[in-house]
Amino acid sequence: MEERASPPPPPPPQYYDSKPQLPDIGHGTYVVQVPKDQIYRIPPPENARIAELHRKPPTKETNRTRCCCIVFIIIFLAIVILIGGVLGGLFSMVLTPTDPKFSIQHFLLQSKPRSQYKITIQAQNPNTNVDILYTEGGDVSLSLKNKKIASGDYPSFSQANLNSTNFDVTLKSSTTKLPKEVEESKKNDKKKVRVTFSLSINVQAQMKLSLLQSGSMTYKVTCRVTVNSLAKTTKVVSQECETKKQ
């Protein structure tokens, strides 16, 4: 019989340790492994140069350029303001536009809910080529025997040359009790009782010719107006208005 060869001896048992086995790369050489969450990215050197440039103070040339720009802007604005003032002065001196004219068209006393005067005024622009711009801030007041009895606002609007504009102003009474003359004229419908008022208008306006525009002008208008009655039917029997530029 043939003799069977005995099986090879089993390999020696291997003991696994929690630490990974490092390969043997030679004497005097060490490999250090760092966890990934502790590895920090090193920025490229270009970033450091860019940051250094930003930290550097502006050069003299940059400061000089900024100063020149600021000076140029100031000079430009000053020239624009100067040209506007010169053109406005020439507009007023050379063209000498005619002052607007005013007249009273209707006069009405309303008692409810509160005593107030509703007056229709006509503004005329006698200039052939110049428009008039009435700006905000104007006021209208009504007086009787040199005592103010009502007041209101003057509207803002634009008026073309050789044009007439009618507009209404509502003047609210300054007191709850009407003056004696007004009360008497209001009650007597059959027997007409005339009352003479003084209407004062303060308004700011600008003259405009094409692209040219004058500076702000203040006009004071004084009208002496007489109505035949303050009852149901009221008519203006006489008036005299005068316009003065302040």
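Let's start with the disulfide: C223 and C241 form one, with their sulfur atoms 2.0 Å apart. The cut-off for a disulfide is a pair of cysteine sulfur atoms within 2.5 Å. By this rule the count is 1 disulfide. The link of C223 and C241 is right-handed, with 120° about the S-S bond. C223 lies in strand β10 (residues 217-227) and C241 in strand β11 (residues 236-245), so the pair ties together parts 18 residues apart in sequence. Helices (H or I, at least four residues) and strands (E, at least two) are DSSP runs, numbered from the N terminus.

A word on the model. It is predicted: local features need pLDDT of at least 70, side-chain atom pairs count only at pLDDT 80 or more, and totals for chains, interfaces and linings use all residues. Residues are numbered from 1 along each chain as its sequence is written, and side-chain values use heavy atoms, with hydrogens and water left out.

Back to the cysteines. Is C223 buried or exposed? C223 is buried, at a relative accessible area of 1%. C241 is partly exposed, at 27%. Buried means under 20% relative accessible area, exposed over 50%, partly exposed in between (1.4 Å probe, protein chains only). As for C69, that residue is partly exposed at 43%.

The largest nonpolar core has 37 residues. Such a core is a set of buried Ala, Val, Leu, Ile, Met, Phe, Trp, Tyr and Cys residues joined through side-chain atoms within 4.5 Å. Y117, Y154, F197 and L199 have the most contacts inside this core. Elements giving two or more residues to the core include β1 (101-110), β2 (116-125) and β10. Which element gives the largest share? That is β8, with 7 residues.

Take Y154. Leaving out residues up to four places away in sequence, Y154 touches F102, A123, Y134, G138, D139, V140, F167, I201 and V203. Contact means heavy atoms within 4.5 Å.

Next, two backbone points. N146 has a phi near 65°, a positive value in a residue other than glycine. N146 sits in the loop between β4 and β5, and is exposed at 82% relative accessible area. L162 is not glycine either, and its phi is positive, near 50°. L162 is in the loop between β6 (157-159) and β7. L162 counts as exposed, at 57% relative accessibility.

Last, helix α2 (residues 60-95). F72 lies in this helix. F72 is exposed, with a relative accessible area of 60%.
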